[in-house]
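Please examine the sequence and the structure shown below. The paragraphs that follow lead through a few of its residues and elements in turn.

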Amino acid sequence: MLRPLELAHHLLAEIIVKDDVVVDATMGQGFDTVFLAGLSDAVVAFDVQDLALEMTEKRLAENKRQAKLILDGHENVDKYVDKPIKAAIFNLGYLPKSDKKVITQAETTLPALTKMLELLVTGGRIALMIYYGHEGGHEERDAVLSVVSTLPQKTYQVMRYGGINQINQPPFLVMIEKLA
Ligand code: SAH
């Protein structure tokens, strides 16, 4: 069976074509950026840490892929992207192997999500990988869930996928599709 991140990639790959504007809201180690850059030539990726940009740049070069990397918060997406977007992905939490104090936070995640929902084309999708096992993670998870679970159902389809018999606090996927 697919794991949540694998399902996210599968559902994004179903709709992304070469010229689509696609946003990686949280570069991190660059895995999603490289994946998206294999589908589209117009990937824009955000992170607030130099280390994330360095890791992503290296991973893109190794895979001979290209993306526009931006050292700024995803909540400023509208400063950099003024075209409709086909898809976006958020990988919440902290950068593995790095400073666990730099985490995504509801105060910036939610404005970023709202802006990206506005930019999203009909038929476009946004994947949110919700990691919440770290300090502050539950607050962000709950804030995100309360927003996505009240999106109007005529305009958005919102699905959730994740393991329910695992110990610890495994990440889960929330997938949003704009219907109209
Ligand atoms: N939990 C995931 C990785 C998440 S990485 C896993 O285990 O695979 C999350 C990234 O988001 C980090 O690199 C962090 O620097 C970045 N980040 C934090 N706040 C941000 C913001 N406002 N805008 C963009 N990126 C942000």
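In which strand does Val21 lie? Val21 belongs to strand 1, which comprises residues 21–24. Helices (H or I, at least four residues) and strands (E, at least two) are DSSP runs, numbered from the N terminus. The model is predicted, so that local features need pLDDT of at least 70 and side-chain atom pairs count only at pLDDT 80 or more, while totals for chains, interfaces and linings use all residues. Residues are numbered from 1 along each chain as its sequence is written, and side-chain values use heavy atoms, with hydrogens and water left out.

Val21 counts as buried because its relative accessibility is 15%; buried means under 20% relative accessible area, exposed over 50%, and partly exposed in between (1.4 Å probe, protein chains only). Leaving aside neighbours within four places in sequence, Val21 is in contact (heavy atoms within 4.5 Å) with residues including Ala42, Val81 and Ile85. The C-alpha atoms of Val21 and Asp41 are separated by 8.0 Å, although these residues are 20 residues apart along the chain.

Helix 3 may be considered next. The 13 residues of helix 3 should span 18 Å at 1.5 Å a residue, and its end C-alpha atoms are 18 Å apart, which agrees; the expected span is 1.5 Å times one less than the number of residues. Which residues of helix 3 are buried? They are Ala52, Leu53, Thr56, Arg59 and Leu60. An α-helix has 3.6 residues a turn, so residues three or four places apart point the same way. Helix 2 (31–37), strand 2 (42–47) and strand 3 are among the elements that cover the buried residues. On the other side of helix 3, Glu54, Glu57, Lys58, Ala61 and Glu62 are exposed.

Helix 3 is followed by Lys64, which has a positive phi near 55°. Most residues other than glycine have a negative phi. Lys64 lies in the loop between helix 3 (50–62) and strand 3 (68–71), and Lys64 is exposed, with a relative accessible area of 75%. Asn168 also has a positive phi, of about 60°, although it is not a glycine. Asn168 is found in the loop between strand 6 (156–161) and strand 7 (172–178), and is exposed at 67%.
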